[in-house]
Every structure is written in structure tokens, then in C-alpha cells.
Amino acid sequence: MLRRLSLLVVAGLAAATLTSTTAGAAPAVPAGHKPPTVRCEFTPTPENPAARPVTVPSAKALAKGTVDVYFVTNYGPFVVRMDRANAPCGVASFVHLTKSRFYDWTQCFRLTNSARLGVLQCGDIYRQEEGGPGYKFPDEVTGKETYPRGTVAMGNQGPGTNGSEFFVVHSFANIPPNYTVLGHVIHGMSTFDRMVKAGIADPDQDGPPTRPIRILKVLTLG
């Protein structure tokens, strides 16, 4: 029953998103022209094997256009518009993991709401910063990145360690420009407001949510 409800919510979000963006949709690639691509370096990490069955993505990634990713959580849904031009390898990896159902029925283990950092961190299967996809890839940053409310970016444990971890900025993030920006939330920021209001089980406002935050389903179009 819950799975059916989740799919119905995602379908409704997809319909609403498509309706609201059709007029501004990017033109199709002209006949006979191939969309631009880049080559990505997805490196297997046998020392940190995949937490769920998933292959290493194709090294060839689209470098133009956007893709909408639909999330259903136990606090409500939200939609992220990811920018292939800004982070072609990061977006390709995220879409690959989504289509592999890597993020379905997972838990977000870290929520922060401090003067420096207000984010929800997700994408780790076992616990915070443990349980990745069995591969890593380089950062896609220019050094000019900022992270305002609604930004979705890759999490990492140092340069070139991107995997499945990501974070969503629910307020602001005063952090160095070391994190690849995948895109921005275009629907559903109220979902994060509810998560923050429910509280954080840490006096420093940086730790596990008081009530577990679960990603029930993730789908993508494109």
C-alpha cells in the first residue's frame, strides 16, 4: 500500500513538473547532431565495496540539458532539477544509481541546523559516511560554488571521493567551494522545513534527526 501511494505521489509530481516547465523546455537536438558528451573517471573502490548491487556507470556522460529527479520521503515529496552541463559526471552517476534503485528505502543519517551549516545529508546505506556504491569519481568544481537554500550537492570525504553521498541545503551552507553542485530543489522545500521542525537528536544541532528521515522511492525522467 505504501509503495503504491509513493508511486502515485511521484506520478503527481512528475505531471505537475512537466506542466509547469513545458513552455520553457530546451529545444531538441537538431537532426544529425549528437548532444555533447564528456568522459568520466569512475574508479572502483574494492576497499569499500558497493553496499547494494550496482555496476560502475558508463564512462560517457551527457554534458548538456537537465534531468528531474523525484523523491518520496516519510516527510513528503520533493523534486530536484539536475544540471548536466554543470556536473555531467555527477549527474550521470546519480541517475545511474537512481535507475539501479540504490537510494530506495534508505535513511538520511545527518541533519544540521547550525549558524554555519543547514543541510540534510543522505546517500549512505549503512550509517553516516558508510555504505557507498563501490566506486568514486573526481570533483566538478570551479572554486566559485555557493550553496544557497535548495542547493543539492555531492558529499565527500576529501578531494575526488564522490560516490553516492549527497546533501540538500535547507537554509544555507557557509562552506568552502569543494562540493560538486548537482542542481536545485524546484518543488517541495516545505518537506525540509518539516524535517527541521521535527528536531535533531544532538545539542549542537548536527547529528541524527530526532525522528528518522527515510527516502522511500526515487525516480527520474531523462
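**Exercises: linings and disulfides**

Four nonpolar, 12 polar and six charged residues line the second largest pocket. The model is predicted; local features need pLDDT of at least 70, side-chain atom pairs 80 or more, while totals for chains, interfaces and linings use all residues. Numbering starts from 1 along each chain, and side-chain values use heavy atoms, without hydrogens and water.

**Exercise 1.** Classify the lining of the largest cavity.

Step 1. List the lining: Phe71, Thr73, Phe78, Cys108, Leu120, Cys122, Phe166, Phe192, Met195, Ile213 and Ile215. (On a 1 Å grid, a cavity holds points where a 1.4 Å probe fits but cannot get out; a pocket is open, with protein on both sides within 12 Å along at least five of seven lines; lining residues have an atom within 4 Å of a point.)

Step 2. Sort them: 10 are nonpolar, one is polar and none is charged. (Ala, Val, Leu, Ile, Met, Phe, Trp, Tyr, Cys and Pro count as nonpolar; Asp, Glu, Lys and Arg as charged; the others as polar.)

**Exercise 2.** Find the disulfides and give their handedness.

Step 1. The whole structure has two (cysteine sulfur pairs within 2.5 Å).

Step 2. Cys40 bonds to Cys89, S to S 2.1 Å. Their S-S torsion is about -95°, so this disulfide is left-handed. Cys89 lies in helix 2 and Cys40 in a loop, so the pair ties together parts 49 residues apart in sequence. (Helices are DSSP H or I runs of at least four residues.)

Step 3. Cys108 and Cys122 pair at 2.0 Å. Their link is right-handed, at 100°.

Conventions: Helices (H or I, at least four residues) and strands (E, at least two) are DSSP runs, numbered from the N terminus.
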